[in-house]
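Let's take a walk through this protein together, starting with a single residue and then stepping back to the whole. Please have the model open as you read.

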Amino acid sequence: MSVSEYTAVVTGAASKRGIGRATAHALAAAGWNVAVLDLDEAAAKATADEIVGAHPVQAFGLACDVTDETSVATAVDTLTADAPPVGAVVNNAGITSPTRFLDVDGAEWDRIFAVNVRGAYNITRRLAPGMAERGFGRVVFLSSVSAERGGGVFGGVAYSAAKAAQLGFARALARELGPHGVTVNSVAPGLIDTDITGGALEGERKEALLSGIPVGRNGRVADVADLITYLCRPESGYITGATYDVNGGSHIH
């Protein structure tokens with residue numbers, strides 16, 4: 001089979017310096033058609049145009065609020081009508097929060113879980129049945145080193161808890177969907193140079209963070225995107241229920 005027959009959906013993929021956008025480009029370079037889903041419709045369409053200009057694939061930019069089931073349904077219906085069948089879902093959309101537990105309120109807690117956990121449910125629940133029916137699919141969750149080491153990088157307790165929930169979600173889903181040719185894996189990035197982390201990568205703070213990374217540098221979005229693309233290959237069908245750390249050795253466990 002060829003991935004050119006399928007579309008890879010990447011949520012939250014319109015940020016210029018984000019992991020999602022880099023992943024969309026990497027998947028397109030590997031031959032996938034790509035659907036960029038993002039809250040910012042104009043940015044999603046601009047990213048899709050950029051992908052088409054750089055790779056000989058189809059690309060679709062769609063407005064989508066992953067926390068809203070109606071918004072997700074509308075985006076999926078559009079894809080079903082216009083794009084090749086979905087063969088991969090990358091649950092990249094996420095938000096962080098540095099709020100300490102003793103200061104976090106219920107609304108903030110729910111906001112973090114709404115995007116990172118419920119959002120992943122909403123999009124995966126819509127697309128998993130089709131992949132299972134077709135006998136091929138790849139699902140990748142963007143978790144975080146914070147889920148494994150218990151915060152301490154950028155995210156507080158709410159973020160770490162939500163990203164840990166994704167790991168359990170992925171492992172259980174891998175058991176259910178494995179018999180249908182669908183693999184489910186997680187990627188747990190450490191310190192990656194994106195707009196979210198950029199402000200923390202300055203001066204003494206940067207030196208302190210880098211001192212704990214054996215490879216001696218912060219991660220790049222391509223480091224994560226390349227791994228996600230590898231997990232989405234048809235040849236990677238015997239890898240499922242796994243969590244892959246991308247942290248330069250900062251959390252060896």
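D223 has a relative accessibility of 28%, so it counts as partly exposed; buried means under 20% relative accessible area, exposed over 50%, and partly exposed in between, with a 1.4 Å probe and protein chains only. Its partner in a salt bridge is R217, with the closest N and O atoms 3.0 Å apart. A salt bridge here is a side-chain nitrogen of Lys or Arg within 4 Å of a carboxyl oxygen of Asp or Glu. R217 is partly exposed too, at 30%.

Before going on, note that this is a predicted model, where local features need pLDDT of at least 70 and side-chain atom pairs count only at pLDDT 80 or more, while totals for chains, interfaces and linings use all residues. Residues are numbered from 1 along each chain as its sequence is written, and side-chain values use heavy atoms, leaving out hydrogens and water.

The count of salt bridges comes to six. Another of them joins R21 and E50 at 2.9 Å, N to O. This pair links distant parts of the chain, with R21 in helix α1 (residues 19–29) and E50 in helix α2 (residues 41–54), 29 residues apart. R21 is buried at 9%, whereas E50 is partly exposed at 37%.

Stepping back, the protein has eight helices and seven strands, which are DSSP runs (helices H or I, at least four residues; strands E, at least two) numbered from the N terminus. Of its 253 residues, 53% count as buried.
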